[in-house]
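We will go stop by stop.

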Amino acid sequence: MINSEYFNEKSSSAPLAVFRIGFGLLMCYSIIRFWLKGWIETLYIQPKFHFSYYGFEWVKPLEEYTYILFMICGVSALLVALGLKYRLSIFLFFLSFTYIELMDKTTYLNHYYFISILSFLMLFIPANATFSLDNLIKRRSYSMVPKWTIDSLKILLSIVYIYSGLAKLNSDWLFKAMPLKIWLPSKFDLPFIGENLLQQEWVHYAMSWGGMFYDLSIPFLLLYRPTRMFGFLLVVFFHLFTKVLFPIGMFPYIMIMGSLIFFEAEFHFKILNFIKKFLSSISLLKKVLIKYKSHVVDIYLIKKENFVIALVSLFFIIQFLFPLRYLVYPGELFWTEEGYRFSWRVMLMEKKGYSVFKIMDKKSGTFFYVNNEDFLTPFQEKQMSFQPDFLLEYAHYLGDSFKDKGHENVQVFVDSYVALNGRLSQRFIDQKVDLYNEKESFKHKKWILPLNDEIKGL
């Protein structure tokens, strides 16, 4: 064992069981919801072209087999909730969900990334130590687990909140109430608050500042027992209110469920006892529970714990450093978006663009313009129009497509204008640069024109 008193501490396994059940059920429901809304077809099967993450260009939708991928993801999520073959189930969920996330960059959301790294972390956590079908099959249950396994979930949730709060410490969010000043008045159709309250400028500023203080304080409110219930009520109110205002999918429910991990073991025992009573009320399940009553063992021992702790430690070092990579890039982050993704910058900007691509024969000088609707869905075109890496990838796709059609000496230029957080639109990309000749990399994209303004902050 690692020579540390902390890593020798034990805690009740009940919080991990509640977290596993909540996570698995929410993920299973989200996959079913995604399927029933027809998004598999519209987002992954219908488009002619899919935007890829740099280094993951090989991850592509599987045509009609994409439905099987979603089925694997949904079933594995349900098995995680049940605690059946937990290690295999969470591994399959992590792989399938992450593959889905990587299939098209157009669908990127912070909470998709959160689910991927959370499911990766759960690979190393004995969330099936108690109240799982694995316990019934093996007839062995564990009352105690290493304390660090529970704390690791708290740390990951805290990282999300704190980085989200730090990202809000910028002049647009705090001193211009942007982009809430754009978004909130558009919610005039909401009952009671839409026509009056959400139209008031002071409300826009109050929600901007309140959101910042909420994100920065909520981990500490949840960690401190006297303020824990108050913090949890804030979590419920904040996320349900933002759910009403904005179409952010399952994220509010994931964060509400996740915050339960901060409560003491007694709280989770009450939840498990409630579930147990409900299951016992079903006669067939009652007989199974009686027949396969598991023997309780005190402590769950993690195999190769030194290696696991080292790996989880490395995981958290990456999580602490990765959101800071934007510091190595010049220019305004909100404008260039270099280092913007995967950094917990949630709903911080309103950005709209208009991009017209020109295909030119380098030798003859003849050219023609592209109708983006011939190649992209409306959603893809919207996302492409203001994100530099999208513009570059699309330029290469167009160049390759027209080369395949017999065009020679192909060059691809773009006339692009973007508006950021209520500012007047300005030229975004150097129109003299042949994007077909530019290569994607982690280097700064010098062909992005600078923003004619400054956004102060972290």
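**Stop 1: a nonpolar patch**

Select Leu327, in the loop between helix 15 and helix 16 (333-336). Keep in mind that this is a predicted model. Is Leu327 buried or exposed? Leu327 is exposed, because its relative accessible area is 58% and exposed means over 50%.

Which helix gives the largest share of the patch? Colour helix 15 (residues 305-321): five residues of the patch come from there.

**Stop 2: a buried histidine**

Go to helix 11 (residues 225-245) and pick His239. Its relative accessibility is 3%, so His239 counts as buried. What surrounds it? Leave aside the neighbours within four places in sequence, and show Tyr161, Tyr214, Phe251, Pro252, Met255 and Ile256. His239 is in contact with each of these residues.

**Stop 3**

Switch to cartoon view. Find the open sheet of four strands, in the order 5-4-6-7. The pairing is antiparallel. Strands of a sheet pair through backbone hydrogen bonds.

Which strands stand at the edges? They are strand 5 (367-369) and strand 7 (426-427). Each has a single partner strand, so one side of each has no neighbour in the sheet.

Next, select strand 4 (residues 351-361) and strand 6 (residues 410-420). They pair in the antiparallel sense over 11 bridges. For one of the pairs, click Lys351: its bridge partner in strand 6 is Leu420.

Then show helix 18 (residues 388-404), which packs on the sheet. Helix 18 touches strand 4, strand 5 and strand 6. Its direction makes about 30° with that of strand 4.

**Stop 4: backbone details**

Zoom in on the loop between helix 8 (171-175) and helix 9 (180-183), where Pro179 sits. The peptide bond from Met178 to Pro179 is cis, with omega near 10°.

Move to Phe131, in the loop between helix 5 (110-122) and helix 6 (133-138). Phe131 is not a glycine, yet its phi is positive, about 55°. Phe131 is partly exposed, with a relative accessible area of 22%.

Finish at Arg139, in the loop between helix 6 and strand 2 (140-146). Arg139 also has a positive phi of about 55° without being a glycine. With a relative accessible area of 44%, Arg139 is partly exposed.

Terms used: Residues are numbered from 1 along each chain as its sequence is written. This is a predicted model: local features need pLDDT of at least 70, side-chain atom pairs count only at pLDDT 80 or more; totals for chains, interfaces and linings use all residues. Side-chain values use heavy atoms; hydrogens and water are left out. Helices (H or I, at least four residues) and strands (E, at least two) are DSSP runs, numbered from the N terminus. Buried means under 20% relative accessible area, exposed over 50%, partly exposed in between (1.4 Å probe, protein chains only). Contact means heavy atoms within 4.5 Å. Two strands pair if DSSP finds at least two bridges between them. Axes are lines fitted to C-alpha atoms, for helices over the stretch in contact, and angles run from 0 to 180 degrees between N-to-C directions.
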